[in-house]
There are 2 protein chains.
Amino acid sequence: MKYDTHSELTEERLTHVSQIFKALGDPTRIRILHLLLDRECSVNEIAEKLEMNQSTVSHQLSSMKKIRLVKSRREGTTIYYSHDDKHVIDLLTEAINHACHN
Amino acid sequence: MKYDTHSELTEERLTHVSQIFKALGDPTRIRILHLLLDRECSVNEIAEKLEMNQSTVSHQLSSMKKIRLVKSRREGTTIYYSHDDKHVIDLLTEAINHACHN
DNA sequence: TTAGAATATTTATATATGCTAATATATGCA
DNA sequence: TGCATATATTAGCATATATAAATATTCTAA
C-alpha cells in the first residue's frame, strides 16, 4: 500500500477547489472581494468605487453568491454584500500579501 | 488619512494574483500540480497517469512554466517537470485540505 | 546519418467567460 | 396608485480557453 502524506484528490474535491480558484482568477472579482475584506458594501457603492458598470458588478456578485463566496442582506431598496467564506478570504489575503514581497 | 490593515491592491499585484488563481482554476492543471507535489514527473508519465493526451499535458505544462509555477529539467529525450513556486503549492494544498473538511 | 522516442508547436474547434445595453423586478414613499 | 431608486436579469458580442489531431523539433543510439 502506498504511503501518501497528501489528501486524496477525489473528483468532488477537485471540482470544488477548481471552482473556488476559478472564481478568484479574475481581476474584477478580486477587486470586489478586496473591497469587502473589512466591511459590507452595496452594489452601487462597489460599482462607483471600482468605476464599473452596475450590471457588471451585480453579475459578478451573483456568480460569487452562487458558490457562497459572498452573502447579501437587504435594507430597503439597497442590498449589502459581504464575504461569506473565511477560508477563501484567507487564501486571497495570503496571495496578495505574498505578491507584495515578490 | 485612512488606516488600513490590508495590503494595497496595486494594478501590478492584482494582475499577478489573478494570474496565479486563474492557473489554479482548472481541474487539469490542479491534477498535474497535485501529481508534482512530491516528485518530478515526465510529460508522458503525467499523461498516462491522468489518462490524458500528451499534447494537452504538454500545453498545460507550458502555460504553467510561463508563469513559473513549474520548472523543467532534461535528461536525454525525457523532460522532467517539478513545481517551482512553494507558495502556490501551499495555497493549493491548503485549499484541498480545506475541501476535505467541508 | 538515419530511425525512433519524447516533447513541443501549430491549427482547428467547441465552449466558456466577461462586459455592456436594455429591460425587468422589487422596494419605499408621496 | 404612480414614481423614483436600487438591484437583477436577459441577450448579444467579442475574446479567451481547453482540448485534440497533425506536424515539427530535439535528442539518443545504432
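**Group meeting: a protein pair and DNA strand D**

Let me begin with one contact: the side chain of A:Ser58 places an N or O atom 2.9 Å from a phosphate oxygen of DNA strand D, a polar contact being a pair of N or O atoms within 3.5 Å. This is a predicted model, in which local features need pLDDT of at least 70 and side-chain atom pairs count only at pLDDT 80 or more, while totals for chains, interfaces and linings use all residues. Residues are numbered from 1 along each chain as its sequence is written, chains are lettered from A in the order in which they are written, and side-chain values use heavy atoms, without hydrogens and water.

Two further contacts involve phosphate oxygens of DNA strand D. For B:Thr28, a side-chain N or O atom is 2.6 Å away from one; for A:Ile79, a backbone N or O atom is 3.3 Å away from one.

How many residues surround DNA strand D? There are 23, and the closest include A:Tyr81 and B:Arg29; a residue is near the strand if one of its heavy atoms lies within 4 Å of it.

I turn now to the aromatic rings. Rings of Phe, Tyr and Trp (its six-membered ring) pair if their centres lie within 6.5 Å, and planes under 30 degrees apart count as stacked, over 60 as edge-to-face and the rest as tilted. The count over all chains is 1 aromatic pair. A:Phe21 and B:Phe21 form a stacked pair, with 5.8 Å between centres and 25 degrees between planes.

Terms used. Polar contact = N/O pair within 3.5 Å; in protein donor to acceptor, adjacent residues only side chain to side chain.
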